[in-house]
Amino acid sequence: MPYHFTFDLSKVPRFFFSEIARVSYQKGMHKTLLNTLRDIIKNFRIQEATGLNLSDAIILLQDFIDLQAVNLIERRKFIKSQKRALLLPHCSRKYMDSRCKAFFDASIPSYTCAHCSKDCLVNKADHFAKKKGYDVYVVPGGSCILKILKEHPYEGVVGVACGEEVKMGVAALESTDVAVQVIPLIKNGCANTAFNMETLVNVL
Ligand code: SF4
Ligand code: SF4
C-alpha cells in the first residue's frame, strides 16, 4: 500500500541518511524523538527539498527510523545467513510498459530482469546482487514474500520498497526465522521510483 503522499528525497544530502541512522540509536528516547525529528527536518530543509508538509515529513522519517532499527536488530543474524534473496520493487524499473523486457512469472508473481537498459536501477541492483550470490525477484508487492519463501526457504531476505510496503513485509516475516534487511525507497509514487544504490551495496 503506498503512502497517501508522494516524496522525492533524491535531492536530500546523503548526510541526512546517516543522521537518520544516528537517531535510530536513540529509539528508546521517545520523549525527545519528536523534537529531534522536527530539528532534523528543519536542519536538512526537508520541507523545502521535497514539498512535504511537516506531519507527512514526520511520518516518513519515523518510518525510516523504525526500519533502520529493524536493520540494526537483524544485522547479526542476517550476516550469518547463507541462502539469501533480494526483493526489488517493480516500480523502480526504468519502464513500466512493454519497453521493459523483463520476463514475468505470474505464478510467483515476479519479474526477471532481461537487462535491456544499462541505466535502469533494477538492472544495476540485479547485476550486483547476483554477483554476490543472491537470488533476485522484482515483485509487484510485499505480499509475494511468503509465497517465495514457501518455494525457496531463504535464511536472509533484503527487501526494497516504500516504507509502508516494507513494514507490511517485515510484519509478514515476524513469525518466521528469516533474517531481514530493508531499504526504503527515497522516491515513491508507484512508477519511476528510486532507491539508493550505495545503500543497497552496503546492505548486501
Ligand atoms: S533493465 Fe530489466 S527491469 Fe529495467 S527495464 Fe530492462 S528488463 Fe526491465
Ligand atoms: S511505491 Fe512502489 S513499493 Fe510502494 S506501493 Fe507503490 S509500487 Fe509498491
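Figure 1. Read along the sequence, the pattern is α-α-α-α-β-β-β-α-β-α-β-α-β-α. The model is predicted. Eight helices and six strands make up this pattern. Among contacts between residues at least 6 apart in sequence, 68% join residues at least 24 apart.

**Figure 2. Overall dimensions of the chain.** The C-alpha atoms fill a box of roughly 45 × 35 × 25 Å, taken along the principal axes. The radius of gyration is 17 Å; this agrees with a compact globule of 204 residues, because such a globule would have a value near 17 Å. Of the 204 residues, 35% count as buried.

**Figure 3. The largest nonpolar core.** This core has 48 residues. Leu86, Leu87, Leu88, Val138 and Val157 have the most contacts inside it. At least two core residues come from each of these helices: H2 (30–43), H4 (54–80), H5 (121–131) and H7 (163–173). Strands S1 (84–89), S4 (135–139), S5 (156–161) and S6 (179–184) also each supply at least two. H4 gives the most, with six residues. In soluble globular proteins, nonpolar side chains tend to be buried together.

**Figure 4. Contacts of Leu86.** Leu86 is one of the residues with the most contacts inside the largest nonpolar core. Neighbours within four places in sequence are left aside here. Leu86 is then in contact with Ala125, Ala129, Tyr134, Val136 and Val158.

Figure 5. The bond from Ile108 to Pro109 is cis, with omega near -10°. Pro109 is found in the loop between strand S2 (103–105) and strand S3 (110–112).

Figure 6. Cys190 is found in the loop between S6 and helix H8 (197–203). Its phi is positive, about 70°, although Cys190 is not a glycine. Cys190 has 13 other C-beta atoms within 10 Å, so this residue is partly exposed. Asn192 is also found in the loop between S6 and H8. Asn192 is not a glycine either, yet its phi is positive at about 55°. With 15 other C-beta atoms within 10 Å, Asn192 is partly exposed.

Key. Residues are numbered from 1 along each chain as its sequence is written. Chains are lettered from A and ligands numbered from 1 in the order in which they are written. This is a predicted model: local features need pLDDT of at least 70, side-chain atom pairs count only at pLDDT 80 or more; totals for chains, interfaces and linings use all residues. A nonpolar core is a set of buried Ala, Val, Leu, Ile, Met, Phe, Trp, Tyr and Cys residues joined through C-beta atoms within 7 Å. A residue is buried if 20 or more other C-beta atoms lie within 10 Å of its own, exposed if 12 or fewer, and partly exposed in between; C-beta atoms are placed from the backbone. Helices (H or I, at least four residues) and strands (E, at least two) are DSSP runs, numbered from the N terminus. Two residues are in contact if their C-beta atoms, placed from the backbone, lie within 7 Å. The radius of gyration is taken over C-alpha atoms; the globule rule is 2.2 Å times the number of residues to the power 0.38.
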